[in-house]
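Subject: Structure handover

Hello,

Here is the structure you asked about. Please open it alongside this email, and my notes follow below.

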Amino acid sequence: MQGETAEIPAKRFAQLRSVLRAGLALVTDVALPQLCPSCREPVDGAGLCPACWSKLSFIAPPYCERLGIPFPFDSGASLLSMEAIADPPAYNRARAAVRYDDVARKLVHALKYGDRLDLAPTMGRWMARAGRELLADADALVPVPLHWRRQWARRFNQSALLAQIIARTSGRVVAHGALKRVKATPEQVGLDKSERAHNVQGAFRVPAAGRAEVAGRKLLLIDDVLTSGATIDACTQALLRAGAASVDVLVFARVVAGSRTPI
Ligand SMILES: [Zn+2]
């Protein structure tokens, strides 16, 4: 009898607590509209406010066929940039939705660290548009993996999330098991190009179970940002060593010389 009376208030308390929590969620939903991830002003719906949106720099042709870096003028012919000729990357072609500038950086950070998963569908759609040609040729998408410890801490991999959205938009598949990050590398922040390359050396591997997803296939690597290209090159080399037919790259934002923004 005594057990029963003790149980009832406990149950009531639990009910009350869940009602309160639901009510609080409702109140915060109503009271706190979504904020623009760049300027923190309230916005209607998800994503950037019109002022920040207009500051984003979408990359469109003419650009280097190989690196996807925009050219200041249209020469009329398909061309390679000096960078692509002097220091060719391991991958075949790269495309990016936007230049990595201040607004793009805030979008990437909001998705990665700010729990703004609502931004992923828009960012993924912009990427799918920028990478149309590459998607048409790809057999599968490969997101740049996080080390399991970082993924555990962050709870999700932003590149895998973007890859899923792009796959849905384009009718492609994601090869989730194709690539593994076997070395926990420190963040690349503040490192120069050769330090970045050294940092990711041997960091990626195609596991035995992922070989079938790689061998003989045309793959499209997906990442949020392309800076020095060290991470992307390390991933590309691991995929090519495991027999990939070709590797292209699609990112949300890429650093373009002359518009450098600190990470
Ligand atoms: Zn804004």
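**Strand β1 and its partner**

Strand β1 is largely enclosed by the rest of the structure, because 5 of its 6 residues are buried. Please keep in mind that this is a predicted model. β1 and β7 run parallel and are joined by 5 bridges.

**Arg93**

Arg93 sits in the loop between α3 (82-86) and β1 (94-99). Is Arg93 buried or exposed? Its relative accessibility is 15%. The cut-off for buried is under 20%, so Arg93 counts as buried.

Leaving out residues up to four places away in sequence, Arg93 touches Glu65, Arg66, Glu133, Leu134, Asp137, Val247, Asp248 and Val249.

**The nonpolar cores**

The largest nonpolar core has 38 residues, and Ile222 and Phe252 touch the most other members. β1, α4 (102-113), α5 (120-130), α6 (132-137), α8, β6 and β7 each supply at least two residues of this core. Which element gives the most? That is α4, with 6 residues.

In soluble globular proteins, nonpolar side chains tend to be buried together.

Ile222 deserves a look on screen. Not counting residues up to four places away in sequence, Ile222 touches Met127, Leu141, Val142, Pro143, Val144, Ser159, Leu162, Ala163, Ile166 and Leu250.

**Gln158**

Gln158 lies in helix α8 (residues 158-170). Gln158 is a polar residue with a relative accessible area of 3%, so it is buried. Which side chain makes a polar contact with the side chain of Gln158? Arg154 does, at 3.2 Å. Setting aside residues up to four places away in sequence, Gln158 touches Leu111, Lys112, Leu146 and Asp224.

**Helix α10**

Helix α10 covers residues 230-241, which makes 12 residues. From its first C-alpha to its last, α10 reaches 16 Å. That is close to the 16 Å expected at 1.5 Å a residue.

Which residues of α10 are buried? They are Ala230, Thr231, Ile232, Ala234, Cys235, Thr236, Ala238 and Leu239. An α-helix has 3.6 residues a turn, so residues three or four places apart point the same way. What covers the buried residues of α10 includes α9 (193-199), β5 (204-205), β6 (218-226) and β7 (246-254). After α10 comes Gly243, with a positive phi near 95°.

**Cysteines**

How many disulfides does a search of the whole structure find? The count is 0. Cys49 has a relative accessible area of 9%, so it is buried. Cys64 is at 0% relative accessibility and also counts as buried. Cys235, in α10, is buried too.

Best wishes

Methods. Residues numbered from 1 in each chain as written. Predicted model: local features only at pLDDT ≥ 70, side-chain atom pairs only at ≥ 80, totals over all residues. Heavy atoms only, no water. Helix = DSSP H or I, 4+ residues; strand = E, 2+ residues; numbered from the N terminus. Expected span 1.5 Å × (residues − 1). Buried < 20%, exposed > 50% of the residue type's maximum accessible area, 1.4 Å probe, protein only. Contact = heavy atoms within 4.5 Å. Polar contact = N/O pair within 3.5 Å; in protein donor to acceptor, adjacent residues only side chain to side chain. Core = buried A, V, L, I, M, F, W, Y, C linked by side-chain atoms within 4.5 Å. Disulfide = S-S within 2.5 Å. Pairing = 2+ DSSP bridges.
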